[in-house]
Amino acid sequence: MATVSSLFLASPVATAPTARARSTPSASPARPSLRLRRPSTLAAAAVQAEHQPAVAAAPKPPALPFRVGHGFDLHRLEPGLPLIIGGIDIPHDRGCDAHSDGDVLLHCVVDAILGALGLPDIGQIFPDSDPRWKGADSSVFMREAVKLMHEAGYELGNLDATLILQKPKISPFKETIRSNLCDLLGADPSVVNLKAKTHEKVDSLGENRSIAAHTVVLLMRK
C-alpha cells in the first residue's frame, strides 16, 4: 500500500473549476435545470512538497478485510452564493460560504473514505489557509480520496449518505446527484445510497442558514 504522502507525489490536481456543463435534466418541463461542475485539467505540481508534512506521519493501516469510515460536514448558507451538492449546481437563493466550492456532500464523502483508511481529514490535506484551494472544485478532493483507497488495496463496498437541509427540496435532483457521485467513485449505483431530510425548522439547519451531511462508507479488501 502506498503511504498518504503519495497523494501529492504523482497526482495531477486542479485548482479551480473553469467550466460548468449542463447535466441532463428530467423529462419533466417543470424541473429546474442543473449544472454539473467540471474541474479544470491544469496540474498543480507545486502541491508535491508543501503538503507532505501534514500527512507523512500517518501510519500504514493493517490489511484488514474491510474498513468502515464516517464523514460529517456543515457549511453556513449565505445569499448570492452557488449551492453545489454532489458536484451539481442546485438552483437556490443562497449557497455555501466556504474556502473551496463548499460542496458539503463531497467533503463529507472524502472524510469518510479518509477516515476508513485511517488517514488525516480533508482539512489537513487541503487546508483552507492555502490560497490554491480557494474556490476549488471538490471533485478534485474526491478523486484524490478514491486514488488513495485503491492504492491501499480497497474498493467501495457501499456508501450511505444523508443530506440535512430545510431548503431547497432535494428530491427533484437526487438521482442526478447520486449519478455524479457514482461516476466520481467509479461505483455501481446499487452500492451508493443518498437520502435527504429537513431539520424540522430547528436551529440553523431548520432555519435555512446552514446545510450538513453525514456519510458512512464500507471499504472492502480487493
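Across which strands does helix H3 lie, and at about what angle to S3 does it run? Helix H3 (residues 104-116) lies across S3, S7, S8 and S9, and its direction is about 155° to that of S3.

## Ground rules

What you see is a predicted model, in which local features need pLDDT of at least 70 and side-chain atom pairs count only at pLDDT 80 or more, while totals for chains, interfaces and linings use all residues. Residues are numbered from 1 along each chain as its sequence is written, and side-chain values use heavy atoms, with hydrogens and water left out.

Helices (H or I, at least four residues) and strands (E, at least two) are DSSP runs, numbered from the N terminus. Axes are lines fitted to C-alpha atoms, for helices over the stretch in contact, and angles run from 0 to 180 degrees between N-to-C directions.

## How confident is the model?

The mean pLDDT of the chain (the predictor's confidence in each residue, from 0 to 100) is 79, and 71% of the residues reach 70 or more. Over residues 1-29, the pLDDT is below 50, and this stretch has 79 contacts in the model beyond near neighbours in sequence; a contact means heavy atoms within 4.5 Å. Residues 41-54 also stay under 50, with 23 contacts beyond four places in sequence. Where pLDDT is low, the predicted coordinates should not be read in detail.

## The sheet

Strands of a sheet pair through backbone hydrogen bonds, either parallel or antiparallel. Here, 5 strands form an open sheet in the order S6-S3-S9-S7-S8, with mixed pairing; two strands pair if DSSP finds at least two bridges between them. Strand S6 (94-97) and strand S8 (192-197) are at the edges with a single partner strand each, so one side of each has no neighbour in the sheet. From one strand to the next, the twist averages 25°.

Strand S9 (residues 210-221) is antiparallel to strand S3 (residues 66-79), and 11 bridges join them. Phe66 stands opposite Met220 in S9, and Gly71 has Thr215 of S9 as its bridge partner. S9 also pairs with strand S7 (residues 154-164) in the antiparallel sense, over 10 bridges.

## Helix H3 and its helix partners

The axes of H3 and helix H5 (residues 139-151) come within 9 Å and cross at roughly 20°. That makes H3 roughly parallel to H5, a term for angles under 35 degrees. Their crossing is left-handed, meaning that the near helix is turned anticlockwise from the far one by less than a right angle (right-handed if clockwise). Residues that meet here include Val110 of H3 and Phe141 of H5. By class, this contact has 10 nonpolar, 2 polar and no charged residues; Ala, Val, Leu, Ile, Met, Phe, Trp, Tyr, Cys and Pro count as nonpolar, Asp, Glu, Lys and Arg as charged, and the others, Gly among them, as polar.

H3 also packs with helix H6 (residues 174-185), at an angle of about 40° and with the axes 12 Å apart. This crossing is right-handed. Leu105, Leu106, Val109 and Ile113 of H3 make the contact with Ile177, Leu181, Leu184 and Leu185 of H6. Those residues divide into 8 nonpolar, no polar and no charged.

Ala98 sits in the loop between S6 and H3. Leaving aside residues up to four places away in sequence, Ala98 touches His75 and Lys134. Ala98 and Lys134 are 36 residues apart in sequence and 8.5 Å apart in space, C-alpha to C-alpha.

Conventions: Angles under 35 degrees count as roughly parallel, over 145 as roughly antiparallel, 65 to 115 as roughly perpendicular and the rest as oblique.
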